[in-house]
Amino acid sequence: MKNRWDESEIGDAGPLEQLVYQSRLVGAEESLVLWGGGNNSIKRTGVDPMGNTIDVMDVKGSGSD
(Lines give C-alpha, C1' and ligand atoms only; values in the text may rest on other atoms or scores of the structure.)
Protein backbone atom coordinates (compact mmCIF):
# COMPACT_ATOMS: atom_id res chain seq x y z
CA MET A 1 0.00 0.00 0.00
CA LYS A 2 1.26 3.44 -0.88
CA ASN A 3 1.54 6.02 1.90
CA ARG A 4 -0.77 8.83 0.75
CA TRP A 5 -0.42 11.03 3.85
CA ASP A 6 0.59 14.54 2.75
CA GLU A 7 1.65 16.97 5.49
CA SER A 8 1.05 19.91 3.14
CA GLU A 9 -2.63 18.87 2.89
CA ILE A 10 -3.16 18.69 6.65
CA GLY A 11 -0.91 21.55 7.81
CA ASP A 12 -1.57 22.53 11.43
CA ALA A 13 -5.03 20.96 11.58
CA GLY A 14 -6.36 19.70 14.89
CA PRO A 15 -7.14 16.09 15.82
CA LEU A 16 -10.65 16.12 14.34
CA GLU A 17 -9.53 17.48 11.00
CA GLN A 18 -6.72 14.90 10.93
CA LEU A 19 -9.26 12.15 11.65
CA VAL A 20 -11.41 13.23 8.71
CA TYR A 21 -8.36 13.39 6.46
CA GLN A 22 -7.22 9.93 7.59
CA SER A 23 -10.70 8.53 7.04
CA ARG A 24 -10.80 9.83 3.48
CA LEU A 25 -7.39 8.34 2.71
CA VAL A 26 -8.31 4.92 4.09
CA GLY A 27 -11.69 4.99 2.34
CA ALA A 28 -10.00 5.67 -0.99
CA GLU A 29 -7.97 2.46 -0.69
CA GLU A 30 -10.37 -0.23 -1.91
CA SER A 31 -8.18 -3.07 -0.64
CA LEU A 32 -8.63 -1.83 2.96
CA VAL A 33 -12.37 -1.22 3.15
CA LEU A 34 -15.69 -2.84 2.40
CA TRP A 35 -18.10 -0.79 0.33
CA GLY A 36 -20.83 0.88 2.29
CA GLY A 37 -19.60 1.30 5.81
CA GLY A 38 -17.12 1.64 8.59
CA ASN A 39 -16.06 4.17 11.18
CA ASN A 40 -12.81 5.82 12.23
CA SER A 41 -12.18 7.08 15.72
CA ILE A 42 -9.62 8.94 17.78
CA LYS A 43 -9.07 9.02 21.54
CA ARG A 44 -7.98 12.38 22.91
CA THR A 45 -8.23 14.68 25.89
CA GLY A 46 -10.97 17.30 25.83
CA VAL A 47 -12.64 19.84 28.07
CA ASP A 48 -16.24 19.55 29.25
CA PRO A 49 -18.61 22.57 29.57
CA MET A 50 -17.50 23.04 33.19
CA GLY A 51 -13.83 23.33 32.19
CA ASN A 52 -12.81 19.88 33.44
CA THR A 53 -10.32 17.81 31.47
CA ILE A 54 -11.92 14.57 30.27
CA ASP A 55 -11.08 11.62 28.03
CA VAL A 56 -12.98 11.82 24.74
CA MET A 57 -13.52 9.42 21.85
CA ASP A 58 -14.51 11.13 18.61
CA VAL A 59 -16.07 8.86 15.97
CA LYS A 60 -16.32 9.80 12.33
CA GLY A 61 -19.09 7.71 10.84
CA SER A 62 -18.84 6.72 7.20
CA GLY A 63 -20.74 4.69 4.67
CA SER A 64 -22.86 4.97 1.59
CA ASP A 65 -25.98 6.42 3.27
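Leu19 touches Asn40, Ser41, Ile42, Asp58 and Lys60, leaving out residues up to four places away in sequence. Contact here means heavy atoms within 4.5 Å. The model is predicted: local features need pLDDT of at least 70, side-chain atom pairs count only at pLDDT 80 or more, and totals for chains, interfaces and linings use all residues. Residues are numbered from 1 along each chain as its sequence is written, and side-chain values use heavy atoms, with hydrogens and water left out.

Leu19 is found in helix H2. Its relative accessibility is 3%, so Leu19 counts as buried (buried is under 20% relative accessible area, exposed over 50%, partly exposed in between; 1.4 Å probe, protein chains only). The C-alpha atoms of Leu19 and Ile42 are separated by 6.9 Å. Along the chain, these two residues are 23 apart.

The protein holds 2 helices and 2 strands. Helices (H or I, at least four residues) and strands (E, at least two) are DSSP runs, numbered from the N terminus. From the N terminus on, the order is α-α-β-β. Of the 65 residues, 12% count as buried. The accessible surface comes to about 5,300 Å². Carbon and sulfur atoms account for 49% of that surface. Areas come from the Shrake-Rupley method with a 1.4 Å probe; for residues, only the protein chains shown count as cover. Among contacts between residues at least 6 apart in sequence, 26% join residues at least 24 apart.

Helix H2 has 13 residues. From its first C-alpha to its last, H2 reaches 18 Å, close to the 18 Å expected at 1.5 Å a residue. The expected span is 1.5 Å times one less than the number of residues. Leu19, Tyr21 and Ser23 are buried in H2. An α-helix has 3.6 residues a turn, so residues three or four places apart point the same way.

Ser23 lies in H2, which covers residues 15–27. The relative accessible area of Ser23 is 9%, so this residue is buried. Beyond its neighbours within four places in sequence, Ser23 is in contact with Asn40 and Lys60.

Asn40 lies in strand S1. At 16% relative accessibility, Asn40 counts as buried. Asn40 touches Leu19, Gln22 and Ser23 on one side of its contact list, and Asp58, Val59 and Lys60 on the other, not counting residues up to four places away in sequence. Asn40 and Gln22 are 8.4 Å apart in space, C-alpha to C-alpha. In sequence, they are 18 residues apart.

Asp58 is found in strand S2. Its relative accessible area is 16%, so Asp58 is buried. Leaving aside neighbours within four places in sequence, Asp58 is in contact with Leu16, Leu19, Asn40, Ser41, Ile42 and Arg44.

The count of salt bridges comes to 1 (a side-chain nitrogen of Lys or Arg within 4 Å of a carboxyl oxygen of Asp or Glu). Asp58 forms a salt bridge with Arg44, with the closest N and O atoms 2.4 Å apart. Asp58 lies in strand S2 (residues 53–63) and Arg44 in strand S1 (residues 37–47), so the pair ties together parts that are 14 residues apart in sequence. Arg44 is partly exposed, with a relative accessible area of 27%. A polar contact of 2.4 Å also joins the side chains of Asp58 and Arg44. A polar contact is a pair of N or O atoms within 3.5 Å; within protein, one must be able to donate a hydrogen and the other to accept it, and residues adjacent in sequence count only if both atoms are side-chain atoms.

The count of aromatic pairs comes to 1. Trp5 and Tyr21 form this pair, which is edge-to-face. Their rings lie 4.8 Å apart, centre to centre, with 75 degrees between the planes. Rings of Phe, Tyr and Trp (its six-membered ring) pair if their centres lie within 6.5 Å; planes under 30 degrees apart count as stacked, over 60 as edge-to-face and the rest as tilted. Trp5 lies in the segment before helix H1 (7–10) and Tyr21 in helix H2, so the pair ties together parts that are 16 residues apart in sequence. Trp5 is partly exposed, with a relative accessible area of 34%. Tyr21 is buried, with a relative accessible area of 14%.
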